[in-house]
Amino acid sequence: MTSSPLTETVTLSQARELIACLSHEQSVLLLSPPGVGKSDVVRQAAAEAGLECKSLLGTQIAPEDVSGVPRIVGERSVFCPPRVLLPENPQKFCLFLDELPACAPDVQKAFYSLLLERRIGEYALPEGTWVVAAGNRAEDKALVRTISSALVNRVLILNVRIDVAEWLEWARRSGVRADVLAFIEQNPDALLRPVPDRAAPFSTPRAWASLSRALDLVAARGVLTGPLVRALAVGRVSDDDARRFAAAWAGEKFP
């Protein structure tokens, strides 16, 4: 009998600590469902270390955006790397490769030496520069391509999970509404739902934070009503969660 593969996971706070420990020497790839907060945790880790965070979005780059474009120097061609990867100021920074699994195969190939050797052609990244990537998994029904075995062998993969208590602590610090906090405390499974088979809103930490902000904006105009709460919720989180949240809001008469 073949056993299923073992998947170890880390929370966002653990991922942030591991990024700080490792990414100056080893390239790290965070994988999780959409809306969990991978991008935010990379930027938080960089800010805590005093590093500027420069991002490349995998779905919007071409191979030459990584390897550079050639120019003639004497009788030779030299590839000039883009400024975002090799700035004139040789200070270390955090290079964030967002949506790396969504990159086309030729872009993935262009990243090989960058991920393993911290080099772009003949140029080396400033010493101490972090290289961190993030993306979704194939089962998340997001825009994900097959990651080559060569790329996988060049990164340390961290599978990120959501910890409800950890998110609630972050949400309180970030000013997420009391009604959203109360609903998640009473319905912790609603914080993150599986990606639906069709294109429709679904519950994620990002979706709940966004809904909270939308409710605040409407409440600030003095027009927040039960029907509007329901309409906003249905437009942002999973349908069942939205309807139960709207019912709870009406029952508790949240402001």
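1. Accessible areas here come from the Shrake-Rupley method with a 1.4 Å probe. On that basis the protein chain exposes about 13900 Å², and carbon and sulfur atoms supply 52% of this area. The model is a predicted one.

2. Overall make-up. The protein chain has eleven helices and ten strands. Of its 255 residues, 40% are buried.

3. Aromatic pairs. The count of aromatic pairs comes to four. One of them joins Phe 183 and Trp 208, with 5.4 Å from centre to centre and 40° between the planes, a tilted arrangement. This pair links distant parts of the chain, since Phe 183 belongs to helix 8 (residues 178–186) and Trp 208 to helix 9 (residues 205–220), 25 residues apart. Both Phe 183 and Trp 208 are buried.

4. Phe 183 has a relative accessible area of 4%, so it is buried. Phe 245 has 1% relative accessibility and therefore also counts as buried. Taken together, ring pairs link Phe 183, Trp 208 and Phe 245 into a cluster.

5. Charges over rings. Which ring does Lys 54 lie over? Lys 54 lies over the face of Phe 93, at 4.8 Å from the ring centre. In another such arrangement, the charged end of Arg 154 sits over the ring of Tyr 112, and the distance to the ring centre is 4.5 Å.

6. Positive phi at Glu 99. Most residues other than glycine have a negative phi. Glu 99 is not a glycine, yet its phi is positive, about 55°. Glu 99 lies in the loop that runs between strand 6 (94–98) and helix 4 (105–110). Is Glu 99 buried or partly exposed? Its relative accessible area is 30%, and because that value falls between the 20% and 50% cut-offs, Glu 99 is partly exposed.

7. Positive phi at Arg 118. Arg 118 is likewise not a glycine and has a positive phi of about 55°. Arg 118 is found in the loop between helix 5 (112–117) and strand 7 (119–120). With 11% relative accessibility, which is under 20%, Arg 118 counts as buried.

8. Surroundings of Ser 27. Ser 27 is placed in the loop between helix 1 (12–22) and strand 2 (28–31). Its relative accessibility is 3%, so Ser 27 counts as buried. A polar atom of the Ser 27 side chain lies 2.6 Å from the backbone oxygen of Leu 115. Leaving aside residues up to four places away in sequence, Ser 27 touches Leu 114, Leu 115, Arg 118, Val 131, Arg 154, Val 155 and Leu 156.

9. Links between the points. Among the residues that Ser 27 touches are Arg 118 and Arg 154.

Conventions: Residues numbered from 1 in each chain as written. Predicted model: local features only at pLDDT ≥ 70, side-chain atom pairs only at ≥ 80, totals over all residues. Heavy atoms only, no water. Helix = DSSP H or I, 4+ residues; strand = E, 2+ residues; numbered from the N terminus. Buried < 20%, exposed > 50% of the residue type's maximum accessible area, 1.4 Å probe, protein only. Phe/Tyr/Trp six-rings, centres within 6.5 Å; stacked < 30°, edge-to-face > 60°. Lys NZ or Arg CZ within 6 Å of the ring centre and 35° of its normal. Polar contact = N/O pair within 3.5 Å; in protein donor to acceptor, adjacent residues only side chain to side chain. Contact = heavy atoms within 4.5 Å.
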